[in-house]
Structure formats: C-alpha cells, structure tokens
Amino acid sequence: MVVLGLALRLYRLSELPATFLQDEASVAVWGLEWLHAATIPGQVTAAPVTLFRNGTTAYPLPGSVVQALVMQVAGETVYGARLTAAVA
C-alpha cells in the first residue's frame, strides 16, 4: 500500500501540477545557492549567509538546504525540487 501511494505521488511529478510556482522555485534556489556558496537574491554583500537569517523578507534556510541536498541526488530540476515535498 505504501509503495502504491509513493508511486502515485511520484508519477509525472515534474509535470503535475503544470505550473511551477515562484514559491517552489525560490525555496529550491535559496537552498542551492547556500549549498553552492553563491549570493542569495536580495543579499547585497558577498558575506557568508547563515542558515538562520532574520528580517522582514528572510526565509529560514534549513528546509531549503534539505531540499537542495535531495536535488543533488535527484537532479537540479523541477522533479528534484518537488521530490522532498512528495516523499515527506
């Protein structure tokens, strides 16, 4: 039963739903940029980014980092970005 449920969740994961929303993309990009030590959008300096940012537009990065690690295995694609939520 669990295998059937997982198969249904993973079936055409990169295509369904058809729209890849900005929120989904932002979380994935933040994690990937932290993992690859790149500058995060909105950050003005090249200073290292801490996992626990704060501020009005800050999003805590630990969840994004988990997603980025999964994407290193599954691929830096829409499928890889959605895989963490599909399996959780």
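Okay, let's start with Arg-12, which sits in the loop between H1 and H2. Helices here are DSSP runs (H or I, at least four residues; strands are E, at least two), numbered from the N terminus. The phi of Arg-12 is near 55°, a positive value in a residue that isn't glycine. Arg-12 counts as partly exposed because its relative accessibility is 39%; the scale is buried under 20% relative accessible area, exposed over 50%, partly exposed in between, with a 1.4 Å probe and protein chains only.

Quick housekeeping. This is a predicted model, where local features need pLDDT of at least 70, side-chain atom pairs count only at pLDDT 80 or more, and totals for chains, interfaces and linings use all residues. Residues are numbered from 1 along each chain as its sequence is written, and side-chain values use heavy atoms, with hydrogens and water left out.

Now the overall picture. The protein has 4 helices and 0 strands, so along the sequence you read α-α-α-α. Of its 88 residues, 23% are buried. If you take the contacts (heavy atoms within 4.5 Å) with a separation of 6 or more, 59% are between residues 24 or more positions apart. The protein exposes about 6100 Å², with 67% supplied by carbon and sulfur atoms; that's Shrake-Rupley with a 1.4 Å probe, and for residues only the protein chains shown count as cover.

Staying in the loop between H1 and H2, we get to Pro-17. A cis peptide bond joins Leu-16 to Pro-17, with omega at about -5°. And what does the backbone oxygen of Pro-17 lie 3.0 Å from? A polar atom of the Arg-82 side chain. Arg-82 belongs to helix H4, residues 78-87. Is Arg-82 buried or exposed? Buried, because its relative accessibility is 6%. Leaving out residues up to four places away in sequence, Arg-82 touches Leu-13, Ser-14, Glu-15, Leu-16, Pro-17, Thr-19, Phe-20, Glu-24 and Gln-67.

On to the core. The largest nonpolar core has 5 residues: Ala-28, Leu-32, Ala-68, Met-71 and Ala-81. By nonpolar core I mean a set of buried Ala, Val, Leu, Ile, Met, Phe, Trp, Tyr and Cys residues joined through side-chain atoms within 4.5 Å. Helix H2 (22-35) and helix H3 (62-74) are the elements giving two or more residues to this core. Leu-32 touches Ala-68, Met-71, Gln-72 and Glu-76, again not counting residues up to four places away.

That brings in Glu-76, in the loop between H3 and H4. Glu-76 is partly exposed, since its relative accessible area is 46%. Its side chain makes a polar contact of 3.0 Å with the side chain of His-36 and another, 2.9 Å, with the side chain of Gln-72. A polar contact is a pair of N or O atoms within 3.5 Å; within protein, one must be able to donate a hydrogen and the other to accept it, and residues adjacent in sequence count only if both atoms are side-chain atoms. Glu-76 and Val-29 are 47 residues apart in sequence, yet 9.6 Å apart in space, C-alpha to C-alpha.

Last stop, the surface. Met-1, Leu-4 and Leu-8 make a nonpolar patch of about 420 Å². Patch residues have over 30% relative accessible area and no salt bridge; nonpolar side chains (Val, Leu, Ile, Met, Phe, Trp, Tyr) are joined within 5 Å, like charges within 9 Å. A salt bridge is a Lys or Arg side-chain nitrogen within 4 Å of an Asp or Glu carboxyl oxygen. Leu-8 is in helix H1, residues 2-10, and counts as exposed because its relative accessibility is 62%.
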